[in-house]
Amino acid sequence: MTLSRLVPMLPVANMPASVAFYEKLGFVVENRHDEWGWAMLRCGDCQLMLDQSINFHSGIPRMSVLYLYPVNLADFHRNAVENGLSVPGPDNTFYGMIEFRIEDPDGNRLWIGQADESKR
């Protein structure tokens, strides 16, 4: 058995606010149902679902991390800043990536990076 693709679904408290955040990162809405509190977003070949209807049991931790691989990290970072997001500058990591890390409005963590070619 094989899978043809994987699309993360992030739990969000306010889908319209989360859509606005991800649009500032360059995502576009492919499909949206405000009455469900659900949206499908795309950035290049990558898709992401946002869903405010997911019910959580109290006391269960919910933290997710998405690692985004833009084609050009500097352009992606510049776009996020120009769109009004507060983002730290990229750092060189010990594991050979250049990346920056941010959180969406619901605390989902986004690590955004590309390989540090000087380390290869």
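Which residue in β4 is the bridge partner of C43? Select C43 and follow its pairing across to β4: the partner is C46. The tour returns to this pair after a look at the whole chain.

**Before you start**

This is a predicted model, in which local features need pLDDT of at least 70, side-chain atom pairs count only at pLDDT 80 or more, and totals for chains, interfaces and linings use all residues. Residues are numbered from 1 along each chain as its sequence is written, and side-chain values use heavy atoms, with hydrogens and water left out.

**The whole chain**

Show the protein chain as a cartoon. Its secondary structure comes to two helices and eight strands, where helices (H or I, at least four residues) and strands (E, at least two) are DSSP runs numbered from the N terminus. From the N terminus on, the elements run β-α-β-β-β-β-α-β-β-β. The C-alpha trace spans about 45 × 40 × 30 Å along its principal axes.

Of the 120 residues, 37% count as buried. Buried means under 20% relative accessible area, exposed over 50%, and partly exposed in between (1.4 Å probe, protein chains only).

**The sheet with β1 to β4**

Select β1, β2, β3 and β4. These four strands form an open sheet in the order β1-β4-β3-β2, with mixed pairing. Two strands pair if DSSP finds at least two bridges between them. β1 (9-11) and β2 stand at the edges with a single partner strand each, so one side of each has no neighbour in the sheet. Neighbouring strands of this sheet are turned by 20° against each other on average, direction ignored.

Axes are lines fitted to C-alpha atoms, for helices over the stretch in contact, and angles run from 0 to 180 degrees between N-to-C directions. Contact means heavy atoms within 4.5 Å.

**Back to the cysteines**

Zoom in on β3 and β4 (residues 46-51), which run antiparallel and are joined by six bridges. How many disulfides does a search of the whole structure find? The search finds zero, a disulfide being a pair of cysteine sulfur atoms within 2.5 Å. C43 is in no disulfide, and the nearest cysteine sulfur, that of C46, is 7.0 Å away. C43 counts as partly exposed because its relative accessibility is 24%.

**The loop at G26**

Select G26, in the loop between α1 (15-24) and β2 (28-33). Its relative accessibility is 34%, so G26 counts as partly exposed. Leaving aside neighbours within four places in sequence, G26 is in contact with R42, C43 and N79.

**Charged pairs**

Four salt bridges are counted, each a side-chain nitrogen of Lys or Arg within 4 Å of a carboxyl oxygen of Asp or Glu.

- R42 and E30: their side chains meet in a salt bridge (2.3 Å, N to O). The pair links distant parts of the chain, with R42 in strand β3 (residues 38-43) and E30 in strand β2, twelve residues apart.
- R32 and D34: the closest N and O atoms of this salt bridge are 2.6 Å apart.
- R78 and D75: this salt bridge is 2.3 Å, N to O. About one helical turn separates R78 and D75 because they are three residues apart in helix α2 (residues 73-82).

**The sheet with β5 to β8**

β5 and strand β8 (residues 109-115) pair in the parallel sense over four bridges. Select V65 to find its bridge partner in β8, R109.
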